[in-house]
Amino acid sequence: MGLSSPLDPSEKLRAKEGAVLPDPTYYRKLVGKLNFLTNTRLDIAFSVQHLSQFMQDPREPYLKAAFHLLRYLKSDPTLGIFLSNDHDCTLKGYCDSDWAACPDSRRLVTGYIVLLGSSPICWKSKKQETVSLSSAEAEYRSLRKIIGELTWLCRLFDELTFPYPKPVSVFYDSQSALHIARNPVFHERTKHIEVDCHFMRDKLQEKLISLHHIGTGAQLADVLTKALLVSSILRY
């Protein structure tokens, strides 16, 4: 029977919860193989990065969640990414974050996807290294990640003499993060992320990127920050 979500949205996996697996190697090998599959299945990227956090001390609830993901994949094994052959060379980026998503460390999960025309060419789902003190800070750090990726991509395209229009549009659903990026004045609330602010504003002034607000319902990167039902995934 096929499942409607890569992970159960109602279940929160916690560290050190449940019985220890007698053979941890089995879990590690399984998640390692699933990690390779994220190269063509971006719908499971969030789920795999979440399961990867328990590689050091795998337990029964984590293995059960991995089996849930396998049953989800079995429901449609041919699903993958579509690379269009149209001549649209426009780069677009979508970025999202889930503040304090980790129930153990309260670190945020950030995700982004970059499109070349209508084709996805890179995506990422990752738990951040530090704890953010506010949702605005979390969203701003998430925005910084995709701009770093786009900067690298633009340099690569320039070296390959690949033509693409500038500035590159970045879509985000947080008004507060966009206001911080566009505001040239630093204050107490942004002092601790001042390096990120300088980097992002430099790219704005260079006209390498342009920032745009987008509604949460049209945010493509939402699938990379939380477990969604298949109806929500297919909508994107």
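This is a predicted model: local features need pLDDT of at least 70, side-chain atom pairs count only at pLDDT 80 or more; totals for chains, interfaces and linings use all residues.
Colleague: Which residues make the contact?

Modeller: From H2 you have Ser47, Val48 and Leu51. H3 brings in Tyr62, Ala65, Ala66 and Leu69.

Colleague: How many of those are nonpolar, polar or charged?

Modeller: The contact of H2 with H3 splits into 6 nonpolar residues and 1 polar, with no charged ones.

Colleague: OK, switching to aromatics. How many aromatic pairs are there?

Modeller: The count comes to 5 aromatic pairs. One of them is Phe157 with Phe162, a tilted pair with 4.9 Å from centre to centre and 55 degrees between the planes.

Colleague: What about Phe157 and Tyr164, how are those rings arranged?

Modeller: Edge-to-face. The ring centres of Phe157 and Tyr164 are 5.7 Å apart and the planes sit at 65 degrees, which is over the 60 degrees needed for that label.

Colleague: Which residues form the cluster, then?

Modeller: Phe157, Phe162 and Tyr164 form one aromatic cluster.

Colleague: Phe157 first: buried or exposed?

Modeller: Phe157 is buried, because its relative accessibility is 9% and the cut-off for buried is under 20%.

Colleague: And where do Phe162 and Tyr164 fall?

Modeller: Tyr164 is buried too, with a relative accessible area of 11%. Phe162 is at 28% relative accessibility, so it counts as partly exposed.

Colleague: New topic: where is Asp173 found?

Modeller: Asp173 is in the loop between strand S4 (168-172) and helix H5 (175-182).

Colleague: It's a loop residue, so is Asp173 buried or exposed?

Modeller: Buried: the relative accessible area of Asp173 is 19%, and buried means under 20%.

Colleague: What is Asp173 in contact with, leaving aside its neighbours within four places in sequence?

Modeller: With those neighbours left aside, Asp173 is in contact with Asp96 and also with His213, Ile214, Gly215, Thr216 and Gln219.

Definitions and conventions. Residues are numbered from 1 along each chain as its sequence is written. Side-chain values use heavy atoms; hydrogens and water are left out. Rings of Phe, Tyr and Trp (its six-membered ring) pair if their centres lie within 6.5 Å; planes under 30 degrees apart count as stacked, over 60 as edge-to-face and the rest as tilted. Buried means under 20% relative accessible area, exposed over 50%, partly exposed in between (1.4 Å probe, protein chains only). Contact means heavy atoms within 4.5 Å. Helices (H or I, at least four residues) and strands (E, at least two) are DSSP runs, numbered from the N terminus. Ala, Val, Leu, Ile, Met, Phe, Trp, Tyr, Cys and Pro count as nonpolar, Asp, Glu, Lys and Arg as charged, and the others, Gly among them, as polar.
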